[in-house]
Each structure stands twice: as structure tokens, then as C-alpha cells.
Amino acid sequence: MSRLARPAGRIASGSATVARRLAAGAAAWVRRGRRDDLTGMKAALGCWLRLALLALGGYLLWRLVRAFPNLLWPLTAGWLIASWRAGQKAPAPATGEAPPAPDVDAVRTLLLEAMGEADAVHLRTALAHLQEKGHGKGWKVADLRARIEALGIPTDPKVKAPGSKSPTRGVRRSVLAPPPDAGREASTTSSTAA
């Protein structure tokens, strides 16, 4: 392994993490534009407006970079710094067997169990549910959030769950829906894995 392999691995994993966080944040921001007091197309107009604003922002950034190509230097430096901070150390060469990564379906099932009949669950509630089952000892909410987001499950910063006084970070039921190609067999397998 060369000297640059570890830093490159850290930047690569951090870059993927930053991209996932940006995409999840943008999706959550667009989703919050939906109005619950309206129905039909009128309820989704806020989402379409926010999506148009994101597209306009991307277009303006592209035009700005086209007009001033030297802006790529600070943008690249900023991305590298964010990637370095978000990246974890590159894994060492495997000498033994690594612990298996958690199954996304099992995590979805666990979050749905913690959610019950509600439309969302706070991460602190999900962590308490996880620790009741004997997992995640010593974890904090930030640890659970990092693991959930690493599996590609977006979290929302303003979730109002039943029985809570104020919104806090959590997961909504809408993002936990199984992919359309998943069959019944996958759902029964994931429920036994949890």
C-alpha cells in the first residue's frame, strides 16, 4: 500500500459521505415544501418551487464557473476539506474477517418497529429502541445518525413525532418504503435478521 492510499481512501469515502448528505439535505428541504393543509396538486406546489430553486442555483453556479474558471480552485479546495473531515480512515488491509455491515432492510425494519403506527420517529427514540434490544451500547444519537446515513437512509432535521413537544432529527416513514423491485421474500428475510 502506497503512502497516498490512506489519504486518498479517506477523501474518497468522505466525498461519498458529503455527496449523500447534500443529496439527503436537498431532498428533505424539497419534501418540507409540501403543505399538509392542502390537497392534490396545490399541496405539492411548494415542493416544485423548491426543486426549481435548486435547479436554478445549480444553473447559476455552472454559469458562474463557466464565466470565471478560477472559481473551481476554491470550490475544489472546499470539497476536499469537507471530504477530509467527513471521511473515515481508509480501512487497513484485511488480515482477518471484518464484521459484516448491517443489512439495510434489517435497519429499515428496526426503524419501522420503533416508529409503530406513527409517520416518523426521532433518532433518540430509535436509539433507545435499539439499546433495548441489546445493540448500540454506548452510542449517541450522532453515532446512530452516521450509521443510518451511511446506509443511504436520509434523516430529516425537523421531524415532529407523536408525543413530542418540538421537532428534532429523525426518520420519516416515506423514506423507509421498500424499493419497488423488492418482493415478499426480501421483507420476510429482513424481519428475521433484526
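Two strands are said to pair if DSSP finds at least two bridges between them, and strands (E, at least two residues) and helices (H or I, at least four residues) are themselves DSSP runs, numbered from the N terminus. In this predicted model, 3 strands form an open sheet in the order β1-β3-β2, with antiparallel pairing. The model also holds 4 salt bridges, a salt bridge being a side-chain nitrogen of Lys or Arg within 4 Å of a carboxyl oxygen of Asp or Glu.

Because the model is predicted, local features need pLDDT of at least 70 and side-chain atom pairs count only at pLDDT 80 or more, while totals for chains, interfaces and linings use all residues. Residues are numbered from 1 along each chain as its sequence is written, and side-chain values use heavy atoms, with hydrogens and water left out.

- β1 pairs with strand β3 (residues 168-172) in the antiparallel sense over 3 bridges, and A120 stands opposite R172 in β3.

- Side chains of opposite charge can pair when their charged atoms come close.
- D156 forms a salt bridge with R32, and the closest N and O atoms are 3.4 Å apart.
- This pair links distant parts of the chain, since D156 lies in strand β2 (residues 156-159) and R32 in the loop between α1 (5-31) and α2 (40-67), 124 residues apart.
- D156 is buried at 2% relative accessible area, whereas R32 is partly exposed at 31%; buried means under 20%, exposed over 50% and partly exposed in between (1.4 Å probe, protein chains only).
- R172 joins R32 and D156 in a network of salt bridges.

**Other salt bridges**

- R35 forms a salt bridge with D37, with the closest N and O atoms 2.7 Å apart; R35 is partly exposed at 41% relative accessibility, while D37 is exposed at 56%.
- R145 forms a salt bridge with E149, with the closest N and O atoms 3.2 Å apart, and both residues lie in helix α6 (residues 141-150), 4 residues or about one turn of the helix apart.
- Within this pair, R145 is partly exposed at 30% relative accessible area, but E149 is buried at 13%.
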